Structure formats: structure tokens, C-alpha cells
Amino acid sequence: MLVIKNLHATIDDKPVLRGLNLHVNAGEVHAIMGPNGSGKSTLVKIIAGHPSYEVTDGGIMYNGVNLLELEPEERAQMGVFMAFQYPVEIPGVSNMSFLRQSVNAVRKANSIEELDPIEFDDFVREKMKLVEMDDEFLHRSVNTGFSGGEKKRNEILQMAVLEPKLSLLDETDSGLDIDALRIVAKGINELSNENNAVLMVTHYQRLLNYVVPDKVHVLVDGKIVKSGGKELALELEEKGYEWVEENNYQLNGSN
Amino acid sequence: MVQTKGSRMDIFINSLLDKRSALGSESGLIASVRKSAEQSLSKLRSPQTNDEEWRFTNLKSIYRIEFDEVHSSDSTILFDRTNIPESEGAFITFVNGVIDSTLTDVSKVQAKVNIVQFSDATESESKTITTHLNTHMSHEDDVFLHLNSALLNDGIWLDIPKNVVLDTPIHIRFLNTSKATHASAPRVLVTAAEHSKAVIIEESVGYEESVYLNIPVLEFDLKRGAHVTHVKIQNDSKKAFHIGRVGATVARDGHYESYSIQLGAAISRNDVVATQSEEQMFATLDGLVLIGGDQLSDTHTLMDHRKAFGESHQLHKVLVDGQATSVFNGKIFVRQDAQKVNSYQENRNLLMSNEGTVHTKPQLEIFADDVKCSHGATIGQLVPEELFYLKSRGLDDRSSRELLTQAFALEVIEHIPVESVRDRLAHVVSEFAHHSVIEALTV
């Protein structure tokens, strides 16, 4: 589904990714871990099309399409979804109307008939059970005055209604208390199936207790330095990032 | 002959005074209001751009107008009933500055509110009105306040008795329909007695091509526990000039909410003053300005905390398109006795084009030592991170820009307590966002 080869990227001419390779198949859940500033969030933002980054080498193929040639909205319309670490507040625009606009923009781009408000109402209510939200949520302005946990749940609700093929979760676990974490994780688990894939970025192992990854990658200094199964996350938790950083240093040193 | 500074203004004032309609009697309320205003005016000098309060707003295009009349009674020309904004509950309409009884219907509130037309006021009513006029403004040297009084043709006094809660808003419309170049000086006084509650909507509308000067003055007196919401919608003709004044005095436990929406006029100036007269009160002085083309819109506000335990909030948002210019001066005075005041002011400006100009000046003067005051002013464009958020949800560039532009403005509107007004304004906002975004993307 997603093939990233030798990806190099910069922000304001400073290199942030330096030759990253990654292969994600449908049906898989991947976790990207790494110390602060290693380029984890950068990676998902580049896949989603964030305008601040410049790709200087390498490429990203998504279901056979060169993603880098597409606008962010085109990527979204093709099933790429990113849950933001800091979701944007949109005062004055109700959550309901925003969700419907998004869903219909994606449907329209895929020549699927748009949902009218009544159809959408039924559709969204079903999805809301997944994130344990009540109706009041739909009538509030998008993310405005939401607590950290509510914002993250709202991101998962958007994921649920947009039904993406590739979900990029940028530190979705940060700032969550244990109950919110459980709800968010349950949502992610229920939404993932053999036809879609999840790439989640996290600093801590905590989320991975709830959403068990098929593969764990450790990102240091803009490169994946170690990949493994879910046990790698536990090893990292125990030994700390210095362990892989040292390994990385030795690897580089031997070059 | 040596021309002194401001002489053009004096000619301007005199020409307006000369064109006033004569009054039937020289002894009534209106005559006496006019007379004392003339005296005040004789001591005042015209505002010029070297006056601090008028630095960015040059009125010379107003001073140059040759007026045909003051308060045109010719309401038939350019009169299109379909253009009259939908009435909200009870309504009172001034057409070209003159109260029009055919467009006035207060039956829904008549039983609860005492509505007095200045020209019909009894001696005791006249006395009460006189004790209020000009006292809810702090600008004793305000030329336009006195000009309104000097040009007074008629006014409305809304007297809301003790404990009366109005569930119907009172909609006061200032329509300008005359083809003649004219001036209108409508006047309204609202006295809200103890624990009364009312929503007053003030709306100015003019017809596209008409040139006129609209100087409405509204004053509010809130007694203890009174709750008044004032929504001002200024949608004058794009060739007209609007110089409006709003003043409120708020007593203990009073609650004054003011929303000023500036949409029309070539040049508009809106001054809003709220004065805390007793301990413990609440006021909101919100504003929304949507301008484009060559429009200039200037808002000056003053929140005057004179006593302790006051709270005030202010959110003033401005959208500038085309070559338009916005001016904002927000004063907050916290006087020595006003301990424990909690006040904040936020001014945010969104530039939709490369040629717009924004002048903003928060002005906090704090003389008490135990207060909480904050302010912030920003001028900017749509934030790329926010645009990216919307695009990542599948919305295209244009829709994302429109939605964020709308959201910027809706933050002010969403608190207005009248749904039909909110809907009407939301529509104006979405049209404005639509056009300005398309323009920006085609440049």
C-alpha cells in the first residue's frame, strides 16, 4: 500500500529526513517510535502533504500513485488520513457540518453520491458510538473549547467517518488520560481491518499496549535505524532510546 | 481673509444647520435640545487628522459634501420594500432620519414598554429625556454627538419598567432612501429600570448609490440588575458616511452586551462607550468589521471601569479586503477605585488582500493596583497549518479558505442572542468570504 524509498526532506533548508525506507501493506499496523526531534511527526506530515516540508530526494508511492505529486486534499480523497497532534479549532462551524463537508468532499471526488443532512445524521451517529461521544458533541464548534482528550476523540471520529485506507496517527496518545486512551485505542482497533493500514507515531510504548502493532520502527536522526515486531517497543521502553542511538552511532561510525 | 484650520468644518456644520427643517414651536423638547447643542458646537473645533482620536480617519470628503437637505421627507424615491431588512419582533423605522409610522409596529411590546416619541413627550417626559441625553457618553467635546442633537428632528425613548423582561427584540431601523444628498441624525434613548431585560437591534441600511451622512446616537441607561443586549448592524450605502455613537451607563449587577457589526459606508466611524457607575457589573463590547474596496472603517471604544468588581470582555474582529483600511482604538480605563476589575480585550485582523491596511491600538490605562487586565492584537493572514488541517480532510483550497474566513467572523456572531439576526449575518459573512477568497485566488 505504502512504499517509501530513500526519502530525504528539509524544512527551511535544514535536513529532517535523511534516507528513510518504509513498506506498509494493507492489513498492517505500524508504529514509529523515536526520541524527540527524530523526524517521526515530520514523516507523517510529509505523507499527508504538509506544505512546510520540501522533499529533496526519494519518493512515496501509495497504491501505485506518486503521492508527492498530489495536493493534500487529493491525498485525503484517495484515502490518506492524518490525525493531528494539535487539531485546529474552527469557531462558529459546527462539528456536524464540518464532518459532513469532509465526507461529501471525499465522496464527490470518488464519484459517490453525497449524503444529505438526514442521511449523514444516521451515518455519523453510528460512528459516534465508537468513540463514546454524545450528541452534544456534534453541535459544538469544531474543536473549540474541547479538552485535549475530546480533541483526540474527535480526530478518531473524523477517521471513522472518512473511512481511510491509510491512517497516519501523529502522537494521538499524547495528553490523554487512561480512560480517553482506552476509548481512542478501541476506536483505532475497531476501524482497522485487512483492507486498510495504520501508521502511528508515538513517543511512548503506552498506546502500543492497546493497539498492538505488527511492526515497530525506531527513527533516529531522520532514518529508520531498527525495525522489529511488537517486542521491540518493550525493549525500547526498558533500555531507552540511548540504546538505539548508540547502535546508530556505531553503524555510522563503521561506514 | 485668513482661513483657520477647521473652517471648512465650520462651513460644513453651518450648512447643515441652515438646512434643518423649522420646528413648529421654539419652546418644546426638540428646540431646547437643538439650542443647547448649538451652544456646545460654537465652542468646538472640527476633528482633523492631527487630532489623536482622528489620526487615520480623514473626514475631508465629508466636509466637502454639498448637502441638499437634512432629514429628507421624500421617502418614495429609491424606496424598495424588498430591500428593507426583515423586521425582528417590534420595530421602529426612521426613513431619511424621520420616523415613519407606516413602517413602525410596536404592538408586540406596547403593553410592557413605554415608548415615547420626542415630539410627543409631555413636560415630565421631556424633563427625564433631557436629564439623560449626552450623559451616557464621555465625549463632551464630541462634535458629532452635538451635531446629532443640533440636527434633531425627532427621537425615540424606550422606557423599560422595573422587572419587565422582553422576549421580543425591538428592532430600530435607520433607512436612507432619498436620492438627494442628505444628512440623517436619528436619536434613541433606552432606559432599562431595575432587573429589566431587553434586546435592542439597531440597523442602518442605505441604497447602493445614495450619498448621505448618517449620524445615529443611541444611549443606554442600565439600572441595577438590568440586562440589555444591543446589536448594531451598519449596512449603509457604499457611498455614504456613517458616524455613529453608542453610550451605556451600567449600574450594580447590570449586564450590557454590545455587538457592533460594520459592513457598509465609504467611511464609517463607530464610537462605543460603556461606563461602570457602581460596583460589580458586566459588559461585552464586541465588534465585527467586514470591509473591502476603498472602504475605511474606524472603531473607537472605551470601557470605563470606575468602581470595583467590574468585568468586561471585548472581542473585535476585522476582515479587510481590497484596498480597505481598518482603524481600531480600544481604551480600557481602570480608575483608582476600580479594584478587583477583570477585563480583557482582543483585536484580531485578517488581511484578505495585499493592499489592505490595519491600524490597531489597544490603550489600557490602569490606576488601580489589584486588577486583572489583558489585551492582544494580531494582524495576519490565514494560517497555513489551519488550511492544511482542512485540506487533509478532503476540502479543496478554496473551500478551506472560505471556511476559515467564515469561522474567523462567526466567532463574534455566534453569541448574538437572536437566531434570525445570527442567520442573516452568517449569510453576509459567507458571501463576503466567498467573494474575497475567489478574488484572492484569481490575483
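A polar contact is a pair of N or O atoms within 3.5 Å; within protein, one must be able to donate a hydrogen and the other to accept it, and residues adjacent in sequence count only if both atoms are side-chain atoms. This is a predicted model, where local features need pLDDT of at least 70, side-chain atom pairs count only at pLDDT 80 or more, and totals for chains, interfaces and linings use all residues. Residues are numbered from 1 along each chain as its sequence is written, chains are lettered from A and ligands numbered from 1 in the order in which they are written, and side-chain values use heavy atoms, with hydrogens and water left out.

**Exercise 1. Describe the surroundings of B:His305.**

Step 1. Find the element. B:His305 sits in strand 17 (residues 296–305) of chain B. Strands (E, at least two residues) and helices (H or I, at least four) are DSSP runs, numbered from the N terminus.

Step 2. Is B:His305 buried or exposed? B:His305 is buried, because its relative accessibility is 0%. Buried means under 20% relative accessible area, exposed over 50%, partly exposed in between (1.4 Å probe, protein chains only).

Step 3. Look for a polar partner. The side chains of B:His305 and B:Ser312 form a polar contact at 2.8 Å.

Step 4. List neighbours. Leaving out residues up to four places away in sequence, B:His305 touches B:Gln276, B:Met281 and B:Phe333, among others. Contact means heavy atoms within 4.5 Å.

**Exercise 2. Place A:Ala233 in chain A.**

Step 1. A:Ala233 belongs to helix 8 (residues 231–239).

Step 2. A:Ala233 counts as buried because its relative accessibility is 1%.

Step 3. Beyond four places in sequence, A:Ala233 touches A:Met33, A:Gln205, A:Leu208 and A:Val216.

Step 4. A:His217 is 16 residues from A:Ala233 along the chain, and their C-alpha atoms are 8.6 Å apart.

**Exercise 3. Describe the interface of chain A and chain B.**

Step 1. Count residues. 30 residues of chain A are in contact with 17 residues of chain B.

Step 2. Give the area. The two chains bury about 2000 Å² between them, 68% of it on carbon and sulfur atoms. Buried area is the accessible area (1.4 Å probe) that two parts lose on being put together, summed over both.

Step 3. A:Glu73, A:Phe84 and A:Val88 supply 26% of the area that chain A buries against chain B, more than any other three residues.

Step 4. Find the charged pair. The rule gives 1 salt bridge across the interface. B:Arg393 and A:Glu155 meet in a salt bridge through their side chains (2.6 Å, N to O). A salt bridge is a side-chain nitrogen of Lys or Arg within 4 Å of a carboxyl oxygen of Asp or Glu.
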